[in-house]
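Please open the model in your viewer and keep the selection panel at hand. The tour below goes from one selection to the next and says what is found at each stop.

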Amino acid sequence: MNVCSKKEVRTIDQKEKNKEVKDQILQAAKTLFSSRGFDGTTVRQICEEADVSLALVSYHFGGKENVFNALFEPLRHTFMNAHYDVQDSIGALRSFCRNFVLYRIQEHELIDILQQEIVMNSPRLEMLKDVFLPSWEQLRTILLACQEQQTIYFESLDVALNFIMGTLMYSLNNPFLNRSSLQATPDQIAELAVNFVLHGLQTNL
């Protein structure tokens with residue numbers, strides 16, 4: 001039987017405590033960046049929201065920009081590790097759209113922040129290239145497969161790509177634009193989005 005020494009126990013406890021503090025800071029930053037934007041959020045506000053001392057942000061992250069960058073690690077992992085079988089181009093397109101919408105609902109604050117950065121063409125976009133470009137390239141590859149297999153018609157790949165991503169990134173939780181609550185599950189919303197995209201692409205006006 002392995003018996004941890006007191007020093008090892010203290011080390012484990014400290015690592016767990018550090019992780020808990022870092023998670024608190026990241027959650028607070030995600031909430032504030034989503035509602036106030038990066039420039040409208042201070043380190044002090046993040047610490048107050050996370051209920052931690054001001055020095056801990058510097059200790060764990062080194063500053064606000066590093067906190068911002070760390071927020072997107074889950075998104076990087078999700079998009080960079082997603083794979084779709086383009087031999088079934090329609091199935092791949094369905095899966096991509098569905099997965100993106102479900103993730104958008106689950107991590108709506110992260111996608112809200114990403115949208116803000118893209119719209120403002122912020123100086124932080126360069127560090128976020130590996131966050132959003134993989135998903136765009138995946139969708140581009142899927143649409144090219146659809147075009148080659150003649151499963152879907154569209155006149156312009158770039159226009160189709162931009163309109164699809166715009167549809168998938170759109171937020172349904174904006175109270176200004178959505179005055180009544182949508183009575184639908186995430187799965188139902190994802191299916192509606194998939195059908196909207198497919199019908200739009202297949203419409204030859």
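This is a predicted model: local features need pLDDT of at least 70, side-chain atom pairs count only at pLDDT 80 or more; totals for chains, interfaces and linings use all residues.

Residues are numbered from 1 along each chain as its sequence is written, and side-chain values use heavy atoms, with hydrogens and water left out.

**Helices α6 and α10**

Select residues 89-106, helix α6, together with residues 186-202, helix α10; the two pack at an angle of about 135°, with their axes 9 Å apart. Helices here are DSSP runs (H or I, at least four residues), numbered from the N terminus, and axes are lines fitted to C-alpha atoms over the stretch in contact, with angles running from 0 to 180 degrees between N-to-C directions. The two helices are therefore oblique to each other, a term for whatever is left after roughly parallel (under 35 degrees), roughly antiparallel (over 145) and roughly perpendicular (65 to 115).

**Aromatic pairs**

The whole structure holds 8 aromatic pairs, that is, rings of Phe, Tyr and Trp (its six-membered ring) whose centres lie within 6.5 Å, with planes under 30 degrees apart counted as stacked, over 60 as edge-to-face and the rest as tilted. Select Phe 33 and Phe 68, whose ring centres are 5.8 Å apart and whose planes stand at 65°, so the pair is edge-to-face. Phe 33 belongs to helix α1 (residues 6-36) and Phe 68 to helix α4 (residues 64-71), so the pair ties together parts 35 residues apart in sequence. Phe 33 is buried, with a relative accessible area of 0%, where buried means under 20% (1.4 Å probe, protein chains only).

Next take Phe 79 and Tyr 103, a tilted pair at 5.9 Å centre to centre with 55° between the planes.

**Thr 41**

Finally, select Thr 41, found in the loop between α1 and α2 (43-50); at 0% relative accessibility, Thr 41 counts as buried. Leaving aside neighbours within four places in sequence, Thr 41 is in contact with Leu 32, Phe 33, Arg 36, Ile 46 and Lys 64.

Methods
Buried means under 20% relative accessible area, exposed over 50%, partly exposed in between (1.4 Å probe, protein chains only). Contact means heavy atoms within 4.5 Å.
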